[in-house]
Amino acid sequence: MAAGLGRLERTQAYRPRLGIRRAYNAVATGIGLVAIAIGLAMLAWLLIETGLKAVGWLDWQFITSFDSRFPERAGAKAAIYGTAWVMAFTLLFSLPIGVMAAIYLEEYAPEGWLKGFIQINIANLASVPSIIYGLLGLQVFVRWMELGRSVLAGALTLALLVLPIIVVATQEALRSVPPSIRDASYALGATRWQTIRHHLLPYALPGILTGNILAASRAIGESAPLITIGALTYVPFTPQGPLDRFTVLPIQIFNWTSRAQADFQHVAAAGIVVLLGILLLMNSGAILIRELMRRRY
Amino acid sequence: MTELGIRAPAPHPAPEAAEHPQPAARFRPKEEIALEAVNLSLWYGKKRALTNVSLAIPKNRVTALIGPSGCGKSTLLRCFNRMNDLIPGVRIEGTVRYHGVDIYAKNVDPVEVRRRIGMVFQKPNPFPKSIYENVAFGARVNGYRGNLDELVERCLRRAALWDEVKDDLKKSGLALSGGQQQRLCIARALANDPDVILMDEPCSALDPIATLKIEDLMRELAEQYTIVIVTHNMQQAARVSDYTAFLLTDERTPGQLIEYAPTQELFTHPKDRRTEDYIRGRFG
Ligand SMILES: Nc1ncnc2c1ncn2[C@@H]1O[C@H](COP(=O)(O)OP(=O)(O)OP(=O)(O)O)[C@@H](O)[C@H]1O
Ligand SMILES: [Mg+2]
């Protein structure tokens with residue numbers, strides 16, 4: 001042992017093996033660094049590749065025009081509006097329902113087999129392939145509820161898709177509230193709802209928002225369930241209301257990539273950049289709200 | 001103040017069978033009773049934690065609960081304001097009376113019970129909110145109609161914290177020291193205008209000076225409030241309390257009341273051998 005502190009005769013029962021422990025530590029650090037480097041490199045590569053392809057194509061004209069058969073004139077206006085409409089309604093439905101369901105399960109539902117059963121099935125629902133949700137949406141929202149191939153039908157379908165994610169994330173966030181805060185609140189004579197409203201929700205909010213970011217990110221990239229319920233690929237108009245027909249960015253992008261003219265690959269790249277931009281905007285918005293709330297609480 | 005362990009008590013016969021109250025535990029103060037456990041037993045799931053505890057807590061006095069770790073002191077304390085209702089799987093037999101009213105009766109709302117019977121926890125647990133909001137919360141949720149600013153000041157003064165925080169009531173309660181946080185929790189409990197205050201080892205995280213401050217405070221509060229305090233500190237029990245109850249868990253009987261008496265008497269002439277062993281530090 002090359003210990004700088006000199007040898008301690010008393011401690012023969014210990015074998016510090018500092019050299020080997022340090023080596024393990026270095027290996028673990030190294031593996032971690034490599035892993036994150038691979039992740040970042042892939043991401044950078046994708047972004048640069050797509051960004052370069054989109055250069056010269058992503059301009060004001062692209063954002064403000066409808067689709068066209070000619071690459072120079074093709075634009076993403078309909079898809080951008082469609083995505084905004086669908087996402088707004090998706091979150092409008094899924095957020096309150098998901099958060100309330102999670103609150104019920106965590107704070108009100110009595111322990112027992114029923115709760116366990118529901119819990120397992122929420123986890124199962126989160127892993128159901130999205131096309132199944134599309135088929136369900138087609139039958140229930142498009143046909144039975146006669147919503148047609150509308151923004152509303154699409155949003156309801158996506159809301160079902162992300163509901164389990166929101167419920168699970170919100171439950172996790174509520175569970176992370178220290179029990180001592182619950183105790184303190186109840187001991188002051190607060191009701192269940194007062195405790196939830198004044199302490200649990202504010203405390204859990206960052207976690208809940210993170211869950212919703214995840215959910216929204218999942219929904220915004222989905223195309224399969226929307227194609228199933230009959231979202232359009234060629235739309236020369238923007239939705240004027242929730243019952244109008246629509247398309248969304250992923251569908252539009254997919255459509256462009258499958259066209260014959262080589263230039264449409266550039267148009268698709270421009271569409272991807274716009275999609276990523278919207279995603280980034282949404283996430284920053286959620287983070288902003290989160291930080292503001294954290295400071296206030 | 002009581003002197004601890006000077007006189008040897010008279011030797012006493014072996015304890016009775018477990019299900020029956022210990023003779024030394026049958027004591028009942030001859031004063032107005034605020035809170036009374038009647039033949040109270042409690043199970044956490046299948047595990048029993050209290051066995052037939054009967055204990056009458058007199059009004060406007062400080063009553064101390066002592067006993068070795070795990071004997072059921074916190075459990076008993078939490079029965080007094082129905083905090084155990086919040087733990088899944090808890091089952092209770094017997095009852096608790098508050099000025100003669102069964103607080104476990106069907107028509108009694110635990111929310112109302114907890115407003116009347118406040119609690120201060122072992123670990124200071126201020127809300128991650130401002131000092132002001134911490135104190136105001138209980139009053140707000142209970143629909144306080146008076147002037148909140150005045151109430152907050154009054155409670156902080158009572159809890160001997162006002163001078164240290166008056167310049168920055170907006171500061172987070174978590175930014176205070178441990179002792180200040182505990183006094184904040186006491187102020188917060190006072191803001192509800194409770195009748196009884198339950199304190200579970202309120203000084204266990206505090207230094208001797210903060211401890212003395214809180215002990216002084218307890219004596220002062222006892223003029224208006226009924227106080228029940230759990231403590232591991234014999235000197236503290238002797239210093240602050242008027243009555244002391246000794247609980248014990250042995251192999252056969254979890255959480256039984258062994259002896260209950262005026263503090264002076266319990267510490268100088270314990271009737272039960274086990275009480276004596278405990279206060280002399282022979283086990284636990
Ligand atoms: N939530 C719970 N679930 C299950 N068992 C519990 C729970 N809380 C306490 N117990 C058990 O009940 C018994 C009494 O616990 P309690 O907390 O009342 O002891 P205590 O006298 O307050 O101990 P301490 O002095 O260490 O705080 C212990 O055996 C403990 O393990
Ligand atoms: Mg305890």
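**Close-up 1. The lining of the second largest pocket in this predicted model.** The residues that line the second largest pocket divide into 10 nonpolar, no polar and 10 charged, where Ala, Val, Leu, Ile, Met, Phe, Trp, Tyr, Cys and Pro count as nonpolar, Asp, Glu, Lys and Arg as charged, and the others, Gly among them, as polar. This lining comprises 20 residues, and A:E106, A:E107, A:R192, B:L86 and B:P88 are those that lie nearest the centre of the pocket. Two or more lining residues are given by each of α3 (77-108), α6 (151-175) and α7 (179-187) of chain A, and the largest share, 4 residues, comes from α7(A). The volume of the second largest pocket is about 520 Å³, a volume being the space filled by probe spheres set on grid points that are joined across faces, edges and corners. Pockets and cavities are found on a 1 Å grid over the protein atoms alone: a cavity is a set of points where a 1.4 Å probe fits but cannot get out, a pocket is an open set with protein on both sides within 12 Å along at least five of seven lines, and lining residues have an atom within 4 Å of a point.

The model is predicted, with local features needing pLDDT of at least 70 and side-chain atom pairs counting only at pLDDT 80 or more, while totals for chains, interfaces and linings use all residues. Residues are numbered from 1 along each chain as its sequence is written, chains are lettered from A and ligands numbered from 1 in the order in which they are written, and side-chain values use heavy atoms, with hydrogens and water left out.

**Close-up 2. The largest cavity, in chain A.** The structure holds 1 cavity of 30 Å³ or more, and about 40 Å³ of space lies in the largest cavity. Its lining is formed by A:T83, A:V86, A:M87, A:L158, A:A219, A:I220, A:E222, A:L226 and A:V248. Both α3 and α8 (192-220) of chain A give two or more residues to this lining, with α3(A) providing the largest share, 3 residues. By class, the lining residues of the largest cavity are 7 nonpolar, 1 polar and 1 charged.

**Close-up 3. The surroundings of ligand 1.** Of the 13 residues around ligand 1, those that come nearest are B:S69, B:K73, B:S74, B:T75 and B:H232, a residue being near if one of its heavy atoms lies within 4 Å. Oxygen atoms of ligand 1 lie 2.5 Å from a polar side-chain atom of B:S69, 2.8 Å from a polar side-chain atom of B:K47 and 2.8 Å from a polar backbone atom of B:G70. The protein covers 64% of the 630 Å² of accessible area that ligand 1 has on its own, as given by the Shrake-Rupley method with a 1.4 Å probe. In chain B, β2 (47-58) and α1 (73-80) each supply at least two residues of the shell, and α1(B) contributes the largest share, 3 residues. The shell around ligand 1 has 4 nonpolar, 6 polar and 3 charged residues.

Methods. Polar contact = N/O pair within 3.5 Å; in protein donor to acceptor, adjacent residues only side chain to side chain.
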